[in-house]
Amino acid sequence: MAELRVTKVEQGQTKIRSVPIAVTPEGFWCCPSPVAFQKTLKAHNSLHKPKSSSPPPPPPPKTTAHRKQTILNEKKPTFGPSRSVSDGQRALGPEAPDAPALGASMAAERVPRPKVENLPRKVAIEFGEPGTGDMKVILLGKQGFCVKLSVHKNVLVENSNFFADKLAEQQSNSSCLEIEECEDVEIYVETVGLMYCKEMRQRLMKQSVSRVLRILKIAEVLGFNSCMQSCLEYLEAVPWVGDEEEEKVVSSVLRLQNEGIGVSPVLKRVSSDISIAPKDTLSHIIGLVLGSNEERGRREMKSVVLKLLRENNSVSSSSNPSDVCNQTLYDSCRNCSSLLLSLFKQAAEPESPEKSVDNKDPLVKQIALASDNLSWLLDILADRQAADEFAVMWAGQQELASLHMKLPIVSRYHVSIITARLFVGIGKGELLPSKDTRQLLLQTWLQPLINDYNWLQHGCRSFDRKVVEEGIGRTILTLPLEDQQSIMLSWLGSFLKSGDSCPNLQKAFEVWWRRTFVRPYVDGQQGNSLQSDSSMTS
């Protein structure tokens with residue numbers, strides 16, 4: 001307990017200390033800290049809970065109780081004179097018959113534990129110097145719990161519009177005010193105590209954000225404007241931990257917009273007065289990520305941006321933000337594909353004596369970086385269900401596909417990862433390009449993928465052979481049957497020559513076989529259509 005010094009008060013003079021002091025039902029003078037008040041409420045609630053079936057622990061030896069009681073009697077004069085203690089007890093008056101009386105001489109032996117129904121259900125707290133209060137405020141909480149505050153009218157009227165109005169409505173000689181159905185008694189008491197504090201900011205610094213929000217709510221009810229302003233200054237400066245806490249702060253502050261209190265400094269943390277186009281900001285972020293040459297930082301930020309865009313896609317309800325994002329992504333896709341084509345042209349140039357291996361290595365890294373950027377953009381678009389245009393763009397890269405065979409496999413295989421990702425997306429239904437686009441995509445990029453397949457299996461750790469083969473097969477099976485046949489026969493020739501170095505499309509081959517030989521739907525199409533028509537008319 002903090003040290004408390006009680007100074008002598010002259011007659012007719014009232015002194016208000018910056019730190020509130022109080023008297024408990026036991027009669028001790030103390031500073032009503034939130035922790036102490038919480039313990040009082042918890043003790044009261046625990047006493048009114050049903051008793052446990054287990055027997056109570058045995059009482060400690062009487063010598064220990066006698067020793068504690070002796071120490072208590074020795075320390076008692078430091079808290080205040082005995083006259084003040086008796087005054088504090090008389091403050092409870094006849095309205096608190098259950099309050100325990102503290103006699104001048106206390107028995108050394110332990111007093112038997114009273115029954116629950118005989119325990120006090122009231123707590124008396126006095127603010128200011130002892131015996132100077134001229135008004136009682138009674139807080140009636142849940143479960144019949146009652147807190148009686150001994151306060152000063154002038155302090156309440158100066159700080160609280162609520163108390164000023166209540167006292168104006170009542171008679172001038174009224175000295176008691178009851179607050180019924182008080183939900184948060186503990187914070188109510190603390191907020192009234194803040195009316196006696198000159199430095200509320202320092203008092204709030206020791207509190208958590210959630211507790212300050214509770215104080216802010218009670219201060220709003222009481223019309224305690226200076227307290228609300230101090231709470232807002234605290235919330236503007238303190239960090240908000242977690243999305244849940246941020247939402248609570250914002251919702252609490254928004255409620256005060258019409259109260260004439262300056263809430264804009266707090267809200268500026270989550271909103272800006274400067275109008276910045278989302279497209280420009282997103283384009284700048286994506287440009288920074290795509291242009292990074294540091295592998296670890298680029299990889300981690302790609303994962304973060306992908307996750308955040310996925311969250312935006314799930315929360316956003318209007319189409320405009322989505323269209324702006326997709327347009328920005330496709331602008332980046334076109335820039336990356338143009339860069340990739342330029343790099344392929346440089347790498348495909350005939351070697352000259354002045355060209356060395358050292359000059360080739362940076363070019364290979366740039367091709368790998370551009371290909372990885374395109375794969376990342378494709379992942380974002382596929383997750384947003386907006387990758388159909390990417391399939392059209394990639395299927396039209398005939399020049400890039402023609403240069404593919406002229407480059408060493410170590411330089412070109414990154415491009416085949418993009419093709420494999422497209423086939424997987426089509427196979428899973430993540431993108432739905434037209435029949436012509438699917439046919440052109442297979443015609444342009446399936447053979448380059450087959451040529452790089454062995455390297456992809458052994459040189460790319462993220463390559464999933466089964467998933468890619470399933471995606472290729474499903475993409476082929478979406479074409480007309482005659483196109484399926486030409487592609488499957490071409491694949492069969494490559495598979496019989498290369499074996500495991502070629503994609504294994506046996507499942508797709510079996511489906512095509514059954515469609516062609518086992519279940520020829522074309523022969524019975526006319527009869528089935530007639531049967532369906534007759535069944536509909538009947």
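Predicted model: local features only at pLDDT ≥ 70, side-chain atom pairs only at ≥ 80, totals over all residues.
Of the 538 residues of the protein chain, 38% count as buried.

**Exercise 1. Describe the overall make-up of the chain.**

Solution. The protein chain contains 24 helices and 6 strands. Its exposed surface comes to about 31900 Å², of which carbon and sulfur atoms supply 53%. Among contacts between residues at least 6 apart in sequence, 71% join residues at least 24 apart.

**Exercise 2. Determine in which sense strand S4 pairs with S5 and with S6.**

Solution. Consider S5 to begin with. Strand S4 (residues 135-140) and strand S5 (residues 146-151) run antiparallel and share 6 bridges; in this pairing, Lys136 stands opposite Ser150. Next, consider S6. Strand S6 (residues 176-179) pairs with S4 in the parallel sense over 4 bridges, and Glu178 in S6 is the bridge partner of Ile138.

**Exercise 3. Identify the residues with the most contacts inside the largest nonpolar core.**

Solution. The largest nonpolar core has 71 residues, and those with the most contacts inside it are Leu340, Trp376, Phe390 and Trp394. A second, separate core of 53 residues includes Trp240, Leu256, Ile261 and Val266.**Exercise 5. Classify the ring pairs Phe127 with Tyr196 and Tyr453 with Phe463.**

Solution. The count of aromatic pairs comes to 12. The pair of Phe127 and Tyr196 is stacked, with 5.4 Å centre to centre and 15° between the planes. Phe127 lies in the loop between strand S3 (122-126) and S4, and Tyr196 in the loop between helix H6 (185-194) and helix H7 (200-204), so the pair ties together parts that are 69 residues apart in sequence. Both Phe127 and Tyr196 are buried.

For Tyr453 and Phe463, the ring centres are 5.5 Å apart and the planes stand at 80°, so this pair is edge-to-face. Tyr453 belongs to helix H20 (residues 453-459), whereas Phe463 is in the loop between H20 and helix H21 (465-477). Both Tyr453 and Phe463 are buried.

Definitions and conventions:
Residues numbered from 1 in each chain as written. Heavy atoms only, no water. Pairing = 2+ DSSP bridges. Helix = DSSP H or I, 4+ residues; strand = E, 2+ residues; numbered from the N terminus. Buried < 20%, exposed > 50% of the residue type's maximum accessible area, 1.4 Å probe, protein only. Contact = heavy atoms within 4.5 Å. Areas by Shrake-Rupley, 256 points an atom, 1.4 Å probe, with all protein chains shown as cover. Core = buried A, V, L, I, M, F, W, Y, C linked by side-chain atoms within 4.5 Å. Phe/Tyr/Trp six-rings, centres within 6.5 Å; stacked < 30°, edge-to-face > 60°.
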